[in-house]
Amino acid sequence: MSKSSGLGTRAEARNDLHADGSSTAVLRDLLEGRWSCRSFDRNPVPRSDIEGILEITRWTPSWCNTQPWHVHITEGSATERLRQAIGERILRQVRQEPDIDFPTSYEGVYKERRRESGWQLYESLGIAKGDRAASGEQMLKNFDFFGAPHVAIITTERALGPYGAVDCGLFVSNFLLAAHSMGIATVPQAALAAQAPTIRDFFDIPDERQILLGISFGYPDLVDPVNSYRTERQSLGEVATFVR
């Protein structure tokens, strides 16, 4: 008789444990309920809760288990110092310098979805279409972290190229879901990646690490109307093509 590896037994036990679909329901609730917060109160998240988010997120899968992510997280006065450093760079009107190039343009359905999301944001604040002054002021709030008490900066290993960045995207998604499960609001911000030189200097990040994005997080200001809208998602028919 061959010796069992135990893998089948564990898989069977896991299937039995979740036969009622409870885990599926929890995951769906988290995905459908999570939203991007654009106004936070200033109350800090306890270190134990931040570590709780990371304890969950560190189980993110990656290609060949390379785990290319690393995260720098601000607390206390560090958040304000980073806010000030980026703000000073913005005032000097230094050009955007992301480590990974942004899309050169958005066309077709991608342009439509991007514009719809922007209109929802501005409508929640009473900003009229074409009011570039007001929309520009709102855009600058990215660099104030929307008032959040914490920022997480996600980096990847440059040598691992696009696939390292893809793995880090999984890490980001799990960070957002883990935070949401604990009542902590988040907003992932590609805008912060445009300030890569300032962020690199602030955290002393080596050149072999690429700055992907920032995640501002904390407790939401639910009174602010900017947090009142939710974006839509593609239908199942748009998401997938089945081939037999």
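Me: How many bridges join strand β2 to β4?
Reply: In this predicted model, strand β2 covers residues 150–157. The two strands run antiparallel, and Glu157 stands opposite Arg209 in β4. The number of bridges joining β2 to β4 is eight.

Me: In β4, which residue is the bridge partner of Val187?
Reply: Strand β3 (residues 185–189) is joined to β4 in an antiparallel arrangement by five bridges. Within β4, the bridge partner of Val187 is Ser216.

Me: How many residues of strand β4 are buried?
Reply: Strand β4 spans residues 209–218 and is mostly covered. Buried means under 20% relative accessible area. The count for β4 is 10 of its 10 residues.

Me: Is the aromatic pair of Trp63 and Tyr163 stacked or edge-to-face?
Reply: The structure holds four aromatic pairs. In the one formed by Trp63 and Tyr163, the centres are 4.6 Å apart and the planes stand at 70 degrees. Planes over 60 degrees apart count as edge-to-face, so the pair of Trp63 and Tyr163 is edge-to-face.

Me: Which helix holds Phe171, the partner of Trp69?
Reply: Trp69 and Phe171 form a stacked pair, 5.1 Å centre to centre with 25 degrees between the planes. The pair links distant parts of the chain, 102 residues apart. Trp69 lies in the loop between α3 and β1, while Phe171 is in helix α7.

Me: Does Phe171 count as buried or exposed?
Reply: The cut-off for buried is under 20% relative accessible area. Phe171 has 4% relative accessibility, so Phe171 counts as buried.

Definitions and conventions:
Residues are numbered from 1 along each chain as its sequence is written. This is a predicted model: local features need pLDDT of at least 70, side-chain atom pairs count only at pLDDT 80 or more; totals for chains, interfaces and linings use all residues. Side-chain values use heavy atoms; hydrogens and water are left out. Buried means under 20% relative accessible area, exposed over 50%, partly exposed in between (1.4 Å probe, protein chains only). Helices (H or I, at least four residues) and strands (E, at least two) are DSSP runs, numbered from the N terminus. Two strands pair if DSSP finds at least two bridges between them. Rings of Phe, Tyr and Trp (its six-membered ring) pair if their centres lie within 6.5 Å; planes under 30 degrees apart count as stacked, over 60 as edge-to-face and the rest as tilted.
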